[in-house]
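This report looks at a ligand and the space around it. The structure comes first, then the text.

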Amino acid sequence: MSTTHPLRRLTYADLPRVMTIERRTFGTPWSLAMFVLEVSKPTGIHLAALVGDRIVGYVICSRYDTVWHVMNVAVDPDARRMGVATTLLEGLLERIQEPEPRLTLEVRRSNAPAIALYERLGFRAAGLRRRYYQDNGEDALIMWRTPATLEGRMDDVPNAGPVAFGS
Ligand code: COA
């Protein structure tokens with residue numbers, strides 16, 4: 001079932017709740033200091049999704065040069081598969097006030113739910129970072145969402161190459 005969830009900008013006061021979701025979600029969670037650093041960047045877009053007044057998910061996105069980097073997305077385990085992450089990422093796209101934004105992210109190669117989510121929103125796999133995750137040596141899939149990927153091309157994606165799954 002997909003519903004929409006109110007979004008608002010993350011504040012420092014939200015970070016204890018964000019840390020709770022982060023720790024429930026990731027084996028190697030971000031530290032509070034990492035969230036503080038990202039949320040302090042004025043050019044970034046950092047959103048919370050709400051059910052009532054309770055935060056159930058968040059997205060952290062920072063702009064480096066001309067590219068938007070989706071740094072972190074997580075939804076409380078109790079609130080998954082209800083469209084929260086979709087709402088967060090669509091809200092992010094709406095708030096990027098550029099005509100043809102380019103976004104990128106890294107995701108664990110084994111993270112099929114997240115890869116499916118990103119593909120539905122127009123991201124495409126464009127390369128691998130070998131052994132990117134230090135906890136288990138897993139590869140990162142590099143995904144991009146650009147004007148070209150939205151039309152099935154890769155010609156505005158830096159160093160794009162075919163990704164062989166399962167190798
Ligand atoms: N299995 C398969 N596909 C899934 C999925 C799952 N467990 N979860 C999401 N998807 C895909 C589906 O296509 C889904 O659409 P559908 O429900 O109509 O089939 C689509 O993504 C949108 O799902 P949505 O409900 O918006 O996602 P969510 O709010 O459950 O959040 C994650 C998705 C990945 C953010 C959430 O599972 C999560 O927090 N995971 C742990 C953290 C993580 O992996 N973050 C990304 C790191 S790069």
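Which side chain has an N or O atom 2.6 Å from an oxygen atom of the ligand? The side chain is that of Asn-111. The protein covers 77% of the 910 Å² of accessible area that the ligand has on its own (Shrake-Rupley method, 1.4 Å probe).

The model is predicted: local features need pLDDT of at least 70, side-chain atom pairs count only at pLDDT 80 or more, and totals for chains, interfaces and linings use all residues. Residues are numbered from 1 along each chain as its sequence is written, and side-chain values use heavy atoms, with hydrogens and water left out.

| Residue | Part with the N or O atom | Distance to a ligand oxygen |
|---|---|---|
| Arg-80 | side chain | 3.4 Å |
| Arg-81 | backbone | 2.6 Å |
| Asn-111 | side chain | 2.6 Å |

The shell around the ligand, by class, has 13 nonpolar, four polar and four charged residues. Helix H4 (112-120) is among the elements that give two or more residues to this shell, and H4 gives the most, with six residues.

The ligand takes up the space of the largest pocket. A pocket is an open set of points on a 1 Å grid where a 1.4 Å probe fits, with protein on both sides within 12 Å along at least five of seven lines; lining residues have an atom within 4 Å of a point. About 1,500 Å³ of space lies in the largest pocket. Its lining has 40 residues, and S4 gives the most to this lining, with seven residues.

Conventions: A polar contact is a pair of N or O atoms within 3.5 Å; within protein, one must be able to donate a hydrogen and the other to accept it, and residues adjacent in sequence count only if both atoms are side-chain atoms. A molecule sits in a cavity or pocket if more than half of its atoms lie within 2 Å of its grid points. Helices (H or I, at least four residues) and strands (E, at least two) are DSSP runs, numbered from the N terminus. Ala, Val, Leu, Ile, Met, Phe, Trp, Tyr, Cys and Pro count as nonpolar, Asp, Glu, Lys and Arg as charged, and the others, Gly among them, as polar. Grid points are joined across faces, edges and corners, and a volume is the space filled by probe spheres set on the points.
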